[in-house]
Amino acid sequence: MPLDQRFKGVGAALITPFDEQNAIDYPGLKRLIDLVTEGGSDYLVVQGTTGESPTVNSREKREILAFTIKNNSKSLPIVYGLGGNDTQSVLDCIKETDFTGVDAILSVCPYYNKPTQEGIIAHFTAIADASPVPVLLYNVPGRTVINMKPDTIVALAAHANIIGIKDAGGSIEQSMELASRVPDDFLLLSGDDNLVTTMVSVGWHGVISVIANAFPKEFGELTWHALEGRFKEASKLQLAFLEFDTLLYVESNPVGIKKCLEIKGICSSAVRLPLLKASQALGEKLEKAMVREGFI
């Protein structure tokens with residue numbers, strides 16, 4: 001089976017805009033979708049962690065997905081975040097979800113209850129068996145406390161309905177090992193914006209990006225320069241984002257990127273508790289970095 005080209009390049013991990021009353025800001029979401037699609041992102045990721053999925057309820061998730069599909073003017077592929085640490089609850093959610101317009105799901109490694117690697121394999125096998133669309137694994141040990149080890153990922157890659165992984169583990173060694181061991185048709189997607197050029201250089205296929213919310217054109221150029229072998233150009237853009245990328249996570253994601261979108265006039269920087277809006281100091285640093293790098 002050939003590599004699924006729909007998810008090569010940049011997938012924008014969409015934030016969820018809120019108004020000052022904590023309701024979903026659909027006009028803001030429409031502006032965001034337009035910015036990202038017109039800016040050149042290759043696909044959209046709905047209700048991942050960057051979308052504040054832990055504090056968006058199941059009804060809101062369905063409404064956000066339907067709204068994104070309806071307003072996807074370029075008919076980009078859509079990946080829907082659907083995972084958790086209770087396998088049966090995830091399976092129930094799969095049964096209840098309308099997958100019309102959804103091209104794949106992104107499913108996070110179980111968090112908090114700390115399963116063994118064998119438990120992780122059993123969890124994702126059950127999800128892949130039940131899902132009517134392909135599954136992208138999501139390894140993010142900084143949030144889940146568990147690293148999906150290369151042996152585990154290679155074992156899961158043998159499942160016909162598991163087509164790739166988003167990895168935000170930050171380990172170049174693990175990235176290199178995966179590139180050398182997984183099948184040629186298994187998608188390798190960075191979950192770390194600041195490592196895209198490096199990971200592509202060792203065989204990865206793109207990124208599911210936070211930065212692409214506010215700067216889809218620039219980050220798309222960076223990623224495709226790398227994918228097409230223009231590493232000098234890609235490195236120049238990667239370095240331009242270096243300090244900026246660090247600032248985005250000082251007060252937790254998506255606090256920083258939402259402030260950038262507010263500065264650009266797309267939506268409010270409002271987030272739901274327990275997150276707080278970006279501090280004035282962080283906002284000033286982000287705006288200064290945006291001006292310096294020519295992003296506004």
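Biologist: Which residues in H9 meet H10?

Modeller: In H9, Glu218, Glu221, Leu222, His225 and Ala226 meet Phe231, Glu233, Ala234, Leu237 and Gln238 in H10, where contact means heavy atoms within 4.5 Å. The residues of this contact divide into five nonpolar, two polar and three charged, with Ala, Val, Leu, Ile, Met, Phe, Trp, Tyr, Cys and Pro counted as nonpolar, Asp, Glu, Lys and Arg as charged, and the others, Gly among them, as polar. This is a predicted model, in which local features need pLDDT of at least 70 and side-chain atom pairs count only at pLDDT 80 or more, while totals for chains, interfaces and linings use all residues. Residues are numbered from 1 along each chain as its sequence is written, and side-chain values use heavy atoms, with hydrogens and water left out.

Biologist: At what angle do the axes of H9 and H10 cross?

Modeller: The axes of H9 (residues 216-227) and H10 (residues 231-240) cross at roughly 145° and come within 7 Å; axes are lines fitted to C-alpha atoms, for helices over the stretch in contact, and angles run from 0 to 180 degrees between N-to-C directions. Helices (H or I, at least four residues) and strands (E, at least two) are DSSP runs, numbered from the N terminus.

Biologist: Switching to H12, how many of its residues are buried?

Modeller: Seven of the nine residues in H12 (residues 255-263) are buried, that is, under 20% relative accessible area, against over 50% for exposed and in between for partly exposed (1.4 Å probe, protein chains only). Among them are Lys258, Lys259 and Cys260.

Biologist: And what do those buried residues pack against?

Modeller: They pack against helix H1 (26-38), helix H11 (242-248) and helix H13 (280-292). After H12 comes Gly265, which has a positive phi near 80°.

Biologist: Now the strands: how many are in the barrel?

Modeller: Eight strands form a closed barrel, running E1-E2-E3-E4-E5-E6-E7-E8 with parallel pairing, and two strands pair if DSSP finds at least two bridges between them. From one strand to the next, the twist averages 25°.

Biologist: What joins E1 to E8?

Modeller: E1 (residues 9-13) and E8 (residues 206-209) pair in the parallel sense over four bridges, and Gly11 stands opposite Ile208.

Biologist: Which way do the E7 side chains go?

Modeller: Leu187 and Leu189 point one way from E7 (residues 187-190), Leu188 and Ser190 point the other way, and all are buried. Ser190 is also the bridge partner of Asp167.
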